[in-house]
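Colleague: Before we talk, can you put the model up? I'd like to go through the labels.

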Amino acid sequence: RKRLSASLACRSACSSVTVTKALRKPVLFTCSSASAPRATVMAAWVIDSYGPNEVLRFTENAPFPAIRYPNEVIVKVLSAGLNPIDLSMRGGYGAATLRMRRDPLNVNRSGGEFPLILGRDVSGVVMECGLSVTCFRPGDKVWAAVPPWKQGSLAEFVVLSGNEVSLKPGSLSHPEAAAVPYVASTAWSTLVNSAGLNKDNCSKKRVLIIGASGGVGTFAIQMVKAWGGHVTAVCSQNAEGLVRGLGADHVVDYATGAVDIKLKTLDKFDLILDSVGGDTERWAPGLLKPWAGARYITLVTPFLRNTDALGVADGMMQSALTIATKALKHFSKGVHYRWGFFAPSGPALDEVREMVDAGQIRPVVEQQFSFSQVPQAFLKLEKGHARGKVVVSVDGDGIQ
Ligand SMILES: NC(=O)c1ccc[n+]([C@@H]2O[C@H](COP(=O)([O-])OP(=O)(O)OC[C@H]3O[C@@H](n4cnc5c(N)ncnc54)[C@H](OP(=O)(O)O)[C@@H]3O)[C@@H](O)[C@H]2O)c1
């Protein structure tokens, strides 16, 4: 906890300059070589409309990212990671909410987000820092999860807030590091912030992970095991070796027969992390210890779908109604029902770096692609049956 508060104190220096101050005095950039000519364009994979894989377009003329606030850093991308949300965003998922987050004054101006760059993980090198950034210097090797409302990492450069960035684990290569930040930030936000777990209170907790062989699941298994918890993993049979290798104590195959019946024969759980959703939500909360503070947290929520279908205001109202109804229904049965969300956090990645460098967590890379193969990487995601993460080496495969 001491480490986390020190890290937060250091990062608060990064964010202490207000937007008003930044607006009054807008040109506040420091640069490793301030007099050097600045690039105005860069190579990137962009989309100009939502749709199937064909909308992906390679360009050498994407706008070079600019530091707009003094707490921002520009990172040269060496490896990028893809997540299911990139695939969904390519098709327009979450467009209404994300548009509002990017440009709150022009919510109804559709299309303003294009050309849009996807890619949610980055591992690379800091190229330039805003004036109030004290934690990083040009040349630092860093990793980060790029929030979905920001331009992504399938590009030569990406701009992020200093609070979203963390020094990369020394024990990982850039492609390995690019497999971690988005799923780690999601698992951290869910297990720590929503479920209240930490290394001091996790011992002997019984945790059920549904979707255990995917990006979030493989990370969550390792986090709970590093903190001394007991993990039951639900995945298909051919992923059993993978999840056992990551530490799962018990593995249940969902593909052969009714998984809920199999799970009902086991002791009840303190926590369920569900990254599959749908039908699982019907039976999984019944596997929790009643009246013992046990929680069911699902990552598959209708939040963005509601705003896409109903507009931002009505969609949010509908989501609030849905979560309140479900939480109340389950509370009356003695268990807590929650939605889990990704949350960008440099300090959380600092903690993850220590676990990685201590050998408690390893990245699970399913397949690595070169920058010229980004469409193939998306097709791989589209096929499903993930066994970890799909990563893209952005640097040095001849396309630039
Ligand atoms: N709310 C948020 O902010 C947030 C953040 C991150 C992720 N998510 C969501 O969480 C989900 C998982 O993300 P991810 O990155 O881990 O995806 P992923 O890497 O694609 O993994 C999904 C995994 O689920 C498994 N699976 C499919 N059906 C299953 C079932 N019935 N029972 C058990 N496992 C099953 C798949 O294994 P098989 O190949 O064996 O079927 C696959 O390994 C996605 O829907 C994503 O959109 C939400």
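Modeller: Two residues are in contact if their C-beta atoms, placed from the backbone, lie within 7 Å. Helices are DSSP runs of H or I with at least four residues, strands are E runs of at least two, and both are numbered from the N terminus. This is a predicted model: local features need pLDDT of at least 70, side-chain atom pairs count only at pLDDT 80 or more, and totals for chains, interfaces and linings use all residues. Residues are numbered from 1 along each chain as its sequence is written.

Colleague: So what do the buried residues of H4 pack against?

Modeller: Helix H11 (303-310) and helix H12 (312-331). In H4 (residues 95-102), Ala96, Thr97, Leu98 and Arg99 are buried, meaning 20 or more other C-beta atoms lie within 10 Å of their own.

Colleague: Why is the shell around the ligand said to lie between domain 1 and domain 2?

Modeller: Because both domain 1 (9-180 + 364-393) and domain 2 (183-339) give residues to that shell; the bounds come from an automatic or database domain assignment.

Colleague: And which helix gives the largest share of the shell?

Modeller: H7, with three residues.

Notes:
A residue is buried if 20 or more other C-beta atoms lie within 10 Å of its own, exposed if 12 or fewer, and partly exposed in between; C-beta atoms are placed from the backbone.
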